[in-house]
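Please keep the sequence and the coordinates open beside the text.

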Amino acid sequence: MSAKQKNSVPLRWRKEVERILITDEQLVRRVKTLAREIEKDFRGREMVVISLLSGTVMFLADLIRHLNLPLRLDFIGVSSYGSGTASGELVFTKELRLDVRGRDVLLVDDILDTGKTLSRVLPKIRALEPRRLKICVLLDKPARRVEKIRADYVGFAIPDFFVVGYGLDFAERYRNLPFVGVLHPHVYQ
Ligand code: PRP
């Protein structure tokens, strides 16, 4: 397959997805190096990985299989209300179950956009008094930030494109695409 073919949107998605921003190969490579960075910082200590539903599914599955240290996994369900592009009202759909007091915690999310989600989630976790709390996101869109939030581990910093795939959705669709692609504006306008 030529490089051009590898980077072109599969025919099935071409009407909805304008172009591939991050290929599946780039994702595989970066997720592995991110895992190495995290492993080094956590120095083999057992961690609690808290993942925010649902956009993290693919990233989380790929990341934790490369984390060569003991961990426990839990989820927080949080979603911006509605299916539009703007981050609206936040609704908690699942609360944390594991006890994280005194533990090393890695919070994993797919994208850090306005920062509103993490600005609601972080105080909830901090109130549980973990020993350490680090944030890992696959994508960071600094141009859209309205809250003062910074991730400790970032897979890719990206410009302000509407991206879908590899877990990220628009109106719950496109999560299954194996790459991160830019959605055609006609889909969401
Ligand atoms: C997305 C994403 C982040 C959040 C980032 O979640 O998964 O959690 O938005 O945006 P912010 O920084 O502007 O708050 P969404 O509410 O779309 O739910 P999902 O994970 O189920 O897609």
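Where does Ser-54 lie? Ser-54 belongs to the loop between strand 2 and helix 3 (57–64), where helices (H or I, at least four residues) and strands (E, at least two) are DSSP runs, numbered from the N terminus.

## Basis of the values

This is a predicted model, in which local features need pLDDT of at least 70 and side-chain atom pairs count only at pLDDT 80 or more, while totals for chains, interfaces and linings use all residues. Residues are numbered from 1 along each chain as its sequence is written, and side-chain values use heavy atoms, with hydrogens and water left out.

## The ligand site

Around the ligand there are 16 residues, of which Ser-80, Asp-109, Asp-110, Thr-114 and Thr-117 come nearest; a residue is near a molecule if one of its heavy atoms lies within 4 Å of it. By class, the shell around the ligand holds two nonpolar, eight polar and six charged residues. In this classification Ala, Val, Leu, Ile, Met, Phe, Trp, Tyr, Cys and Pro count as nonpolar, Asp, Glu, Lys and Arg as charged, and the others, Gly among them, as polar.

Taken alone the ligand exposes 490 Å², and the protein buries 91% of that, with accessible areas from the Shrake-Rupley method and a 1.4 Å probe. Strand 3 (71–80), strand 5 (104–112) and helix 4 (116–126) are the elements that give two or more residues to this shell, and the largest share, three residues, comes from strand 5.

## Helix 2 and the residue after it

Just after helix 2, Arg-43 takes a positive phi of about 45°. Arg-43 is placed in the loop between helix 2 and strand 2, and its relative accessible area of 74% makes it exposed.

## An aromatic cluster

Which residues form one aromatic cluster? Phe-162, Phe-170 and Tyr-188 do, and a search of the whole structure finds four aromatic pairs. Rings of Phe, Tyr and Trp (its six-membered ring) pair if their centres lie within 6.5 Å, and planes under 30 degrees apart count as stacked, over 60 as edge-to-face and the rest as tilted.

Phe-162 and Tyr-188 are stacked, at 4.8 Å centre to centre and 25° between the planes. Because Phe-162 lies in the loop between strand 7 (153–157) and strand 8 (163–164) and Tyr-188 in helix 5 (residues 185–188), this pair ties together parts that are 26 residues apart in sequence. Phe-162 counts as buried at 18% relative accessibility, whereas Tyr-188, at 27%, counts as partly exposed. The rings of Phe-170 and Tyr-188 have their centres 6.4 Å apart and their planes at 65°, so this pair is edge-to-face. Phe-170 lies in the loop between strand 8 and strand 9 (180–183), 18 residues from Tyr-188 in helix 5, and Phe-170 is buried, with a relative accessible area of 13%.

Most residues other than glycine have a negative phi, and most peptide bonds are trans. Glu-129 has a positive phi of about 55° although it is not a glycine; this residue is placed in the loop between helix 4 and strand 6 (132–140) and counts as partly exposed at 47% relative accessibility. A cis peptide bond joins Leu-53 and Ser-54, with omega about -5°.

Ser-51 is found in strand 2 (residues 47–53) and is buried, with a relative accessible area of 0%. The side chains of Ser-51 and Thr-56 are joined by a polar contact of 2.6 Å, that is, a pair of N or O atoms within 3.5 Å in which, within protein, one must be able to donate a hydrogen and the other to accept it, and residues adjacent in sequence count only if both atoms are side-chain atoms.

Notes: Buried means under 20% relative accessible area, exposed over 50%, partly exposed in between (1.4 Å probe, protein chains only).
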